[in-house]
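Here is a short note to read beside the structure. Please keep the view open and follow the points in turn.

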Amino acid sequence: MKYDKVLSIETSCDDTSIAVVRHDGYVLAQSSANQDLQHKDFGGIVPEIAGRNHSIQVLPLVQSCLEKAKLTWNEIPGIAVTNRPGLMGSLLVGVVTAKTLSLTKKIPYVGINHLEGHLLAPFLKDDRHTPPESFNYPYIALAVSGGHSQIYLVKEFGQYQILGKTIDDAAGEAFDKFAKMVGLGFPGGAVVDKMAKSGDIKKYDYPRPMIREKTINMSFSGLKAAAKRQIEKMPPELIEQECANLCASYQEAIVDVLMAKLKLAVKQVGKINGVVLTGGVSANSRLRATAEAWANEVGLTLAVPPIRYCTDNAAMIGYAGVKRLNLGEVSSQELAPSPKVYPGDFLV
Ligand code: KG4
Ligand code: ZN
């Protein structure tokens with residue numbers, strides 16, 4: 001095998017992350033920096049700020065990651081970098097860094113589709129985590145984050161079919177917008193999750209858009225609008241007093257929709273070896289618990305990577321990268337960042 005490991009770079013959105021990953025998915029080290037504090041006051045990610053922070057953080061993180069892995073550049077045979085999809089100013093920093101390191105260290109590099117990384121995250125392992133033993137292709141993956149909400153059939157490495165996706169907002173966006181409405185700040189998914197633990201899931205009746213339609217596509221904008229209309233009518237003291245119940249009821253609507261679509265996908269596809277939850281929203285405790293109970297009931301292997309490999313991270317990009325380099329794929333110095341996936345990235 002030509003590449004036993006790679007150094008990987010992920011800067012597609014607001015997390016700067018560097019990892020060293022072995023060909024078998026073992027993560028030798030990962031160094032990441034999130035930018036939540038820098039974007040908090042704006043109530044969302046500001047692309048210019050994200051790009052600037054990546055350029056400040058990326059090289060010190062490369063250094064710290066190599067130190068953590070106790071490796072020198074002589075021991076790194078290749079580089080992987082996210083070049084699509086994402087924010088252009090953010091992707092650019094990673095791509096330019098990868099190209100420069102590739103030239104100066106005289107090693108090949110390869111551009112990776114960020115979503116492929118999320119889909120392969122269940123294969124990552126380290127000292128603290130091993131994937132379920134029986135887990136393998138083909139599997140169905142629910143990829144839910146602030147920027148994407150899709151359900152895929154992962155047939156084999158490199159063969160990814162989109163079965164359904166949100167037709168409007170991403171699930172993470174639905175969490176974040178709601179958190180803002182009830183005064184919980186940005187990004188709000190984790191806070192809503194925490195508040196919801198002491199709330200009543202039945203106290204408020206939120207819509208579950210498209211839940212009964214026989215499509216794997218989903219929608220969250222109607223839910224968000226319903227919550228907005230309701231919260232605007234509530235005085236601030238009542239919102240504060242009812243916050244846990246509001247969070248629990250709203251979260252339940254999102255979890256219900258995601259689970260209904262996941263179950264429909266499993267039913268439609270038939271023979272699979274497992275189900276995966278990935279992306280930032282898969283950190284949601286209610287979603288995890290509901291999916292676990294269902295998987296046990298129907299006898300499916302459920303793989304939920306640890307949160308460090310669910311949210312945006314370089315380890316998942318490294319795993320995709322080392323596989324692609326070993327298959328002979330190498331990017332040239334002409335590679336550009338792209339806000340969208342390539343036409344051939346997914347099966348049609
Ligand atoms: O994958 P990620 O780190 O970045 C993107 O690619 O977007 O996902 C971030 C999203 C945010 O919308 C955040 O609110 C949401 O994941 N999130 C959660 C939880 N933790 C993070 N949503 C619900 N429950 C959580 N515990
Ligand atoms: Zn992501």
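1. Start with helix α11, residues 314-326. This helix lies across β1 (5-10), β2 (15-22), β3, β4 and β5. Its direction is about 130° to β1. Keep in mind that the model is predicted.

2. Now the sheet under discussion. Five strands form an open sheet in the order β3-β2-β1-β4-β5. The pairing is mixed. In general, strands of a sheet pair through backbone hydrogen bonds, either parallel or antiparallel.

3. Which strands stand at the edges? They are β3 (27-34) and β5 (109-113). Each has a single partner strand, so one side of each is left without a neighbour in the sheet. From one strand to the next, the twist averages 20°.

4. Strand β4 (residues 79-84) and β5 run parallel, joined by five bridges. Ala 80 stands opposite Val 110 in β5.

5. Turn to a helix pair. Helix α8 (residues 236-269) packs with helix α9 (residues 285-298) at an angle of about 35°. Their axes are 10 Å apart. The crossing of α8 past α9 is right-handed.

6. Which residues make this contact? From α8 come Gln 251, Glu 252, Val 255, Leu 258, Met 259, Leu 262, Lys 263 and Val 266. From α9 come Arg 286, Leu 287, Thr 290, Ala 291 and Trp 294. By class, the contact of α8 with α9 has eight nonpolar, two polar and three charged residues.

Notes
Residues numbered from 1 in each chain as written. Chains lettered and ligands numbered in written order. Predicted model: local features only at pLDDT ≥ 70, side-chain atom pairs only at ≥ 80, totals over all residues. Heavy atoms only, no water. Axes fitted to C-alpha atoms, helices over the stretch in contact; angles between N-to-C directions. Helix = DSSP H or I, 4+ residues; strand = E, 2+ residues; numbered from the N terminus. Left-handed = near helix turned anticlockwise from the far one by under 90°. Contact = heavy atoms within 4.5 Å. Nonpolar A, V, L, I, M, F, W, Y, C, P; charged D, E, K, R; others polar. Pairing = 2+ DSSP bridges.
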